[in-house]
Amino acid sequence: MKRFEYVRPASLKEAVAALNMENAHLIAGGMDLVPGMQDNVIPADRLVNLKSVKDAALRGIAETPDGLTIGALTTLTEIAEHPAVMKMYAALSQAAGVVGSPQIRNVGTLGGNLAQRPRCWYFRNEEYDCLKKGGARCFAQDDKADNQYNAILGGGPSYIVHPSNAATALVALNATIHVTGPDGDRDVAADRFFALPRMRLTQETVLDPGEIITSVTLPTPAPGSKSAFVETAEKAAFDWAISGAAVSVTMSGGSVSAARVVLHAVAPIPWRSKDAEAVLVGKSLTEATIKAAGEAALTGAKPLSKNAYKVPLTKAMVRRALVAVV
Amino acid sequence: MAIPWKPASQMTHITKNTTRLDGVVKVTGKAKYAYDMLPDKCLIGRFVTCPHPNARRLSIDTSAAKALPGVKAVWVEGRDIYRFSGDFVAAVAAISDDVADDAVTLIADSITWETLPFVVREDDARQPGAPGAHGGDRSNVREATNENEGDVDAAFADAQAVIEGTWSTQVQTHTSLEPHGMVCEWNDAQDAITVWASTQGVFSVREGIAQAVGLDESKVTVLCDYMGGGFGSKFGSRTEGNVCALLAKDAKQAVKLLLTRKQEQTNTGNRPSSNQWIKAAAKDGKLTAFQTNAFGTGGITGGAGFPTPYLYSVPNRRVKRDDVFINAGNQAAMRAPGHPQGSFAMEGVMDELAYKLGADRIEFRINNDPNATRRAQFRDLAERLDWKNVPKEMNADKGTVKRGWGVGAATWGGGGGGTQAEMDIHQDGSVVVRCGTQDIGTGTRTVVAVVAAEQLSLPIDAIQVNIGNTNFPPSGGSGGSTTCASVAPAIKVTADNALFALFERVADAFDTSPDNLEAFNGSIRTKDDPSNSMSWKDACALLGAEQVSVRGQHEGGLSSSGTAAVCGVELTVDTETGFVRVERAYLIQEAGLIINMLTVESQIIGAVIQGISYALYEDRIMDRMLGHQVNPNMEFYKVLGAPDMPHIEPIMWMTEESLARGVIGIGEPPVVPVAGAVANAVRHACGARVYDLPITPWKVLAALEGANA
Ligand SMILES: Cc1cc2nc3c(=O)[nH]c(=O)nc-3n(C[C@H](O)[C@H](O)[C@H](O)COP(=O)(O)OP(=O)(O)OC[C@H]3O[C@@H](n4cnc5c(N)ncnc54)[C@H](O)[C@@H]3O)c2cc1C
Ligand code: SF4
């Protein structure tokens, strides 16, 4: 691994200041960052350890009148197993609970999960100087590519899929992401936090240089709300989803009054399908409605040479997520 | 001929359960592997690798690296042609990882390359006009087999059922958890070298290192107390070992050089791929014709052989097979080389023909299997699977998640020879065995203790076992499932010899002749009068300061070769996601005389796991655009993990007849039938056949779409 400088800031202010340099990175659990450095694909000259920051806002899960606030350093295991999360935000608990493996969940944090870099294997191999790394070409979109894991929606000029489980659930749950940075604090709605490659090619979020995720707030669910996250992977653990979906549905008087349908691992960002949501609102969750929502969710899908299977698979994921909230 | 094994019914340890002698030190981390060794002032070795799939090295300049403070030795490969990405080009030894990494970067940056056209997939390599993997005019295709037997065309014309299909298997890498490599300590005072190797054959490492550094074999000591997996890829000193020794000699210091995970994937061998177009026919319940046009790749120079029609008898055969060369790392022997590829296709053929004939899938196999043991095993398997209640037809379940059953079979050689051992019995009653064999994770250390304890009629913990050292009596490499069948007989003979030597020394005290003595349950007694007895300790006390010390070696009659296995799996297929979950696997294995039930079962469990991993997940993927492996890691080179494991039942075939055959090694055969059984169960569950390994969700979905179209 290349040599780097290691900084232990005591406050968020110091952390922000320490990030004011090219190739400076926050490190939280390190589950994503360190392997990327070892593989020579994430250039790092300075690591800023977020864990040395004392600020209480970064830690723990607190119930407030507006909902539930989760610090950025909270581990995925803590989130998955928290009683209030399990009860009111099932999609997040389920999404966090199936990340990687127990070891990864015990160390990986919410902030790191949201800000993690893509897993596209051209990105992760140093031999491939692709667009995401500032190179001239997207390898995944080539017909000769092995793009079975890449995007079917929202792609171009990069075709990554966003890897974060938590991200998909947070968009479905209409969460707010709290950020601090050189210009002070700001709040970003989860469905505006992730950036398509055509907006920002070499990063996956709207974070500006030096910005830090401090916490996330989940609004108190409306009465009659339920949510769910489902995914499918090749292996039962230590693997990445090849497709998935998170849904959040509010029922009133037997029909859907509000819905969010978010597709996982099929687009460069958690892919909110307003078409599918429109199919659901005003209807009861019958088999036919659920099926129609699944179909609608994949409108506009443009598979690459080897990932057309994701279209029927993702329809099934949407159906299963909806069945889980019936 | 040796004194035969005593009947299994009279055995105390052999055929029973003995926990691994080194189980505790392994799980607590006290067991030190080559990877853990760090002698005093040890340097760190690192390789510079080729960044192109096919290239000529025009120049290399190591002066900047050599000038870097802390760099102690540099090695440069003499060749200037490199035929795969990741090939070793140069190496350094330095005082720390960081300095070694810096030196590697300096050397890598100094090289000028001329890149050459490349081809990394066997389909591409076979096209007319494809770039030559070897450059120039040399063809990428070499005919390997062309056999004709009987009259295939007549048999097809006369058949009741004919099937045709193209089965294919991926390249599988060994993915040993402990990387390849060594720690070499140069002893300048004696011009000698000590090597801690992660190896399947300490003596072959000694031979290789002695040649590489120009020392007499007497000056080379190779040690391997524990090793973390080889599966056939860790024989001889290999490039990484030779380079480590050369760097150590050059630096006159210890050097540790173990490969990275990426290098493990690209440089240490693999199971070749296969692509098998097959047409086969049957009549009156018997296979009548088999024709195949096949090819596979073993990398840049390696062959890709596999047996078909494998273990079933077919009178009329036409078999054509080519080796295809691509710009990728070479194959190496891997757990039952060739057999899983042949078995996967042939078991598919058997099921397809059975369906077409309307025959029972197990009965059809029994009808066509020349091996009586396996026929009996198939009947036993049918009982265990409750076969009479398994639906005859495919796709019997109506829901989205469908259940299926599949079977497969294996044959293997095994067998033993060549091992020697030494045993000392001391006046305090302690017993020491020395044998140069290595324990590659199969439990060989425990086997030595079990056999010695059995023959001496002592408890297991009375035996001190020393193995994995070239200063001990020689034993062959651990390959071909031959270790147990080589070592166990050698230990038996040695223990018998030691016991007789002890009897000769103590017979006077019993007032009898040595042949009238026997060891019984921790004592020595006379055969004709069991009351004339002395405890083991008291008898040994008569020896005085000079211990009994004898040698022995493997003798005929104590081991055999040739073994049979069958496998049955039960699984579910989620027809909406393509997800396959293997729920249960049975593996019935003949192993002759079983030395230790626990470690033989452990071999079977491990093999079934590796077989399922091959069937469903593992795949070395070479990128056609730039020619590198895109998944040289354990994230995207997917290996089955704990939650993917089914319930596995290892079943040892323990007929009296089989036990009487002596020891037969079985490290390899149980991996063979698994992939075929899994693929057959997927087909049975959902009606769609995936012809291509691994059986991923997208291939299942595509096959279902094809089946429903
Ligand atoms: C084998 C494997 C499988 C995995 N499977 C999954 C999976 O299925 N689903 C999934 O979602 N993830 C998966 N992960 C990915 C991931 O590593 C974890 O989910 C984890 O949450 C990352 O958190 P971390 O704290 O370790 O991040 P780090 O590695 O510390 O950081 C990751 C990135 O986020 C930045 N960062 C960290 N904290 C903040 C912050 N507060 N504000 C701004 N930026 C920040 C860092 O600078 C870095 O760029 C997997 C990882 C592995 C190795
Ligand atoms: S999809 Fe994105 S990360 Fe992958 S090769 Fe294309 S540009 Fe690079």
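The legends below describe close-up views of a predicted model.

View 1. A polar contact of 3.2 Å joins the side chain of B:Thr599 to the side chain of B:Asn596. Leaving aside residues up to four places away in sequence, B:Thr599 touches B:Arg20, B:Thr442 and B:Gly443.

**View 2. The contact between chain B and chain A.** Chain B contributes 36 residues to this contact, and chain A contributes 34 residues. The size of an interface is often expressed as the accessible area lost when the parts come together. Here, chain B and chain A bury about 3100 Å² between them, and 55% of this area is on carbon and sulfur atoms.

**View 3. Salt bridges and polar contacts between chain B and chain A.** There are 10 salt bridges between the two chains. In one salt bridge, B:Asp574 pairs with A:Arg320, and the closest N and O atoms are 2.7 Å apart.

**View 4. The side of chain B that touches chain A.** Helix H3 (97-110) and helix H18 (697-708) of chain B each supply at least two residues of this side. The largest share, four residues, comes from H3(B). By class, this side of chain B has 17 nonpolar, 13 charged and six polar residues.

Terms used
Residues are numbered from 1 along each chain as its sequence is written. Chains are lettered from A and ligands numbered from 1 in the order in which they are written. This is a predicted model: local features need pLDDT of at least 70, side-chain atom pairs count only at pLDDT 80 or more; totals for chains, interfaces and linings use all residues. Side-chain values use heavy atoms; hydrogens and water are left out. A polar contact is a pair of N or O atoms within 3.5 Å; within protein, one must be able to donate a hydrogen and the other to accept it, and residues adjacent in sequence count only if both atoms are side-chain atoms. Contact means heavy atoms within 4.5 Å. Buried area is the accessible area (1.4 Å probe) that two parts lose on being put together, summed over both. A salt bridge is a side-chain nitrogen of Lys or Arg within 4 Å of a carboxyl oxygen of Asp or Glu. Ala, Val, Leu, Ile, Met, Phe, Trp, Tyr, Cys and Pro count as nonpolar, Asp, Glu, Lys and Arg as charged, and the others, Gly among them, as polar.
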